[in-house]
Amino acid sequence: WLAVMDAAIRSLNRLSKPLCMSHLPHLVQRFMQAFSSSHSSVHIATARCLNSTLEQCVRTNIDLLVDDLNSSTEMTKSTLHKVFIHLEAGLSYQFHTAWPHIIKIIACAFGCFANRVTFPVVANCVHSLANLRESEQFDYIREADIAIGRAIRTFGPKLIIECIRLN
């Protein structure tokens with residue numbers, strides 16, 4: 001069903017970009033719920049579908065999403081805020097068995113949000129990921145380094161350095 005949802009949202013994106021964007025946060029939430037499974041095959045399939053959705057729906061509509069971000073208020077979160085709240089929730093311990101996949105999805109999202117205006121949306125996630133990387137017995141340092149590297153390439157080193165406390 002994950003692949004069906006991915007295909008459906010990509011088809012909706014071709015037919016109506018605004019309608020696709022309105023459904024995207026709910027779909028990302030559903031994908032993230034699948035990571036609570038204990039089966040690694042579900043994690044792999046979920047990551048593949050979510051990466052595809054981000055690439056096809058977010059990257060291709062970044063201008064539309066930035067307009068939504070600029071017109072949103074604190075009370076009415078933008079679509080990007082809603083999507084990233086769900087992605088960042090994947091860094092909680094509840095999903096620790098799926099962290100390598102979730103961190104790769106977050107790295108993909110950093111690349112898809114390729115617009116400096118979107119940095120405030122992802123800043124908290126970059127900070128959380130850096131803190132998680134520095135914690136004891138964190139096994140996915142390589143994945144975290146790749147994700148933070150993607151954030152640096154996307155948003156520039158100045159913004160990332162301001163966001164991450166350097167030791």
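I looked up Y93 and found it exposed, at 60% relative accessible area. My cut-offs: exposed is over 50% relative accessible area, buried under 20%, partly exposed in between, with a 1.4 Å probe and protein chains only. The model is predicted, so I took local features at pLDDT of at least 70 and side-chain atom pairs at pLDDT 80 or more, while totals for chains, interfaces and linings use all residues. Numbering runs from 1 along each chain as its sequence is written, and side-chain values use heavy atoms, without hydrogens and water.

Next, the rings. I searched the whole structure and got six aromatic pairs. Phe, Tyr and Trp rings (the six-membered one for Trp) pair with centres within 6.5 Å; planes under 30 degrees apart are stacked, over 60 edge-to-face, the rest tilted. W99 is buried at 9% relative accessibility.

I then checked F138 and Y140. Their centres lie 5.8 Å apart with planes at 85 degrees, so this pair is edge-to-face. F138 is buried at 7%; Y140 is partly exposed at 22%. Y93, W99, F138 and Y140 make one aromatic cluster.

Last, the core. I counted as a nonpolar core buried Ala, Val, Leu, Ile, Met, Phe, Trp, Tyr and Cys residues joined through side-chain atoms within 4.5 Å. The largest has 56 residues, and L54, F84, L87, F110 and F113 touch the most other members. Helix α6 (residues 99–112) gives the most, ten residues. Helices here are DSSP runs (H or I, at least four residues), numbered from the N terminus. With contact as heavy atoms within 4.5 Å, I listed partners of L87 beyond four places in sequence: V28, M32, L50, I102, I105, I106 and A109.

Conventions: Helix = DSSP H or I, 4+ residues; strand = E, 2+ residues; numbered from the N terminus.
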